[in-house]
Amino acid sequence: DHTGPAYLETLTYRFYPEAPTRFAALQAGDVQVIDAIASSDIMLIEGDENYTIYRADALGLPNVVFLNTTLAPTDDLAVRQALNMAIDRQAVVDIVTFGTGTPAYGPLAPATPYYNAEVESIYPYDLEQANALLDEAGWVIGDDGIREKDGQRLVITWGSAPWSSSWAELLQAQLSQIGADIQLQQMTDAAVGEVPDEHEGGWMF
């Protein structure tokens with residue numbers, strides 16, 4: 001109901017690129033407000049009367065994994081479909097964000113205006129169907145549990161940037177259940193952007 005001048009005389013912005021540094025500054029009283037707080041840190045202060053947490057669903061592009069559709073094995077539609085169906089998005093949210101996030105099913109976050117919820121049923125989590133797709137496409141499970149087809153192993157190299165490192169290993173484990181070998185290569189954001197298109201095996205980011 002306040003209609004007069006702002007209570008604040010000054011407002012100072014400080015930029016902390018790393019989430020732990022931002023959180024430490026808040027705890028130390030160096031700053032009064034931070035954003036982009038890590039989910040694990042939210043759990044530390046939730047319920048603490050000294051802090052107020054404001055949650056808001058992000059709009060636009062959510063955390064996504066882009067596949068190189070021009071290189072094997074991700075140039076195979078069945079492989080791409082199987083990868084989509086082998087990811088348990090809710091489990092990723094529950095484990096990585098401690099339940100504070102929202103599963104994404106397409107190129108737009110659910111809170112985005114004009115979001116079409118029909119995308120959520122296109123590739124439901126279904127390991128049985130994912131394995132069936134690969135079987136039908138001729139991808140056979142080898143002695144080591146990795147699928148192969150015409151001498152091509154189902155190996156995908158993932159150039160994982162810092163922002164995806166928290167869930168990259170979880171997806172790696174989930175996709176191993178359909179015989180996919182996801183090889184993680186930790187990179188900086190800048191290095192990921194310079195990955196050559198001719199990299200063997202296709203890239204995920």
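A: Helix H3 (residues 77-85) and helix H5 (residues 127-136) approach to within 8 Å between their axes and cross at roughly 165 degrees. H3 is therefore roughly antiparallel to H5. Axes here are lines fitted to C-alpha atoms, for helices over the stretch in contact, and angles run from 0 to 180 degrees between N-to-C directions. Angles under 35 degrees count as roughly parallel, over 145 as roughly antiparallel, 65 to 115 as roughly perpendicular and the rest as oblique. Helices (H or I, at least four residues) and strands (E, at least two) are DSSP runs numbered from the N terminus.

The model is a predicted one, in which local features need pLDDT of at least 70 and side-chain atom pairs count only at pLDDT 80 or more, while totals for chains, interfaces and linings use all residues. Residues are numbered from 1 along each chain as its sequence is written, and side-chain values use heavy atoms, with hydrogens and water left out.

The crossing of H3 and H5 is left-handed; this term applies if the near helix is turned anticlockwise from the far one by less than a right angle, and right-handed applies if clockwise. On the H3 side, Ala78, Val79, Gln81, Ala82 and Met85 meet Leu127, Gln129, Ala130, Leu133 and Leu134 of H5, where contact means heavy atoms within 4.5 Å. By class, the contact of H3 with H5 has 8 nonpolar, 2 polar and no charged residues. Ala, Val, Leu, Ile, Met, Phe, Trp, Tyr, Cys and Pro count as nonpolar, Asp, Glu, Lys and Arg as charged, and the others, Gly among them, as polar.

H4 passes H6 in a right-handed crossing. Ala91, Val92, Ile95 and Val96 of H4 make this contact with Ser166, Trp167, Leu170, Leu171 and Gln174 of H6; 7 of these residues are nonpolar, 2 are polar and none is charged.

Gln174 counts as buried, at 8% relative accessibility; buried means under 20% relative accessible area, exposed over 50% and partly exposed in between (1.4 Å probe, protein chains only). Leaving aside neighbours within four places in sequence, Gln174 is in contact with Ala86, Ile87, Asp88, Ala91 and Val92.

Not counting residues up to four places away in sequence, Ala109 touches Ala58, Leu59, Gly60, Pro62 and Tyr115.

Charged pairs are found as well: the structure holds 4 salt bridges, each a side-chain nitrogen of Lys or Arg within 4 Å of a carboxyl oxygen of Asp or Glu. One of them joins the side chains of Lys149 and Asp76 (3.6 Å, N to O). Because Lys149 lies in strand S2 (residues 147-149) and Asp76 in the loop between helix H2 (39-45) and H3, this pair ties together parts that are 73 residues apart in sequence. Lys149 is partly exposed at 25% relative accessibility, whereas Asp76 is buried at 17%.

Another salt bridge links Asp144 with Arg153, the closest N and O atoms being 3.0 Å apart. Asp144 is partly exposed, with a relative accessible area of 48%, and Arg153 is partly exposed at 31%.
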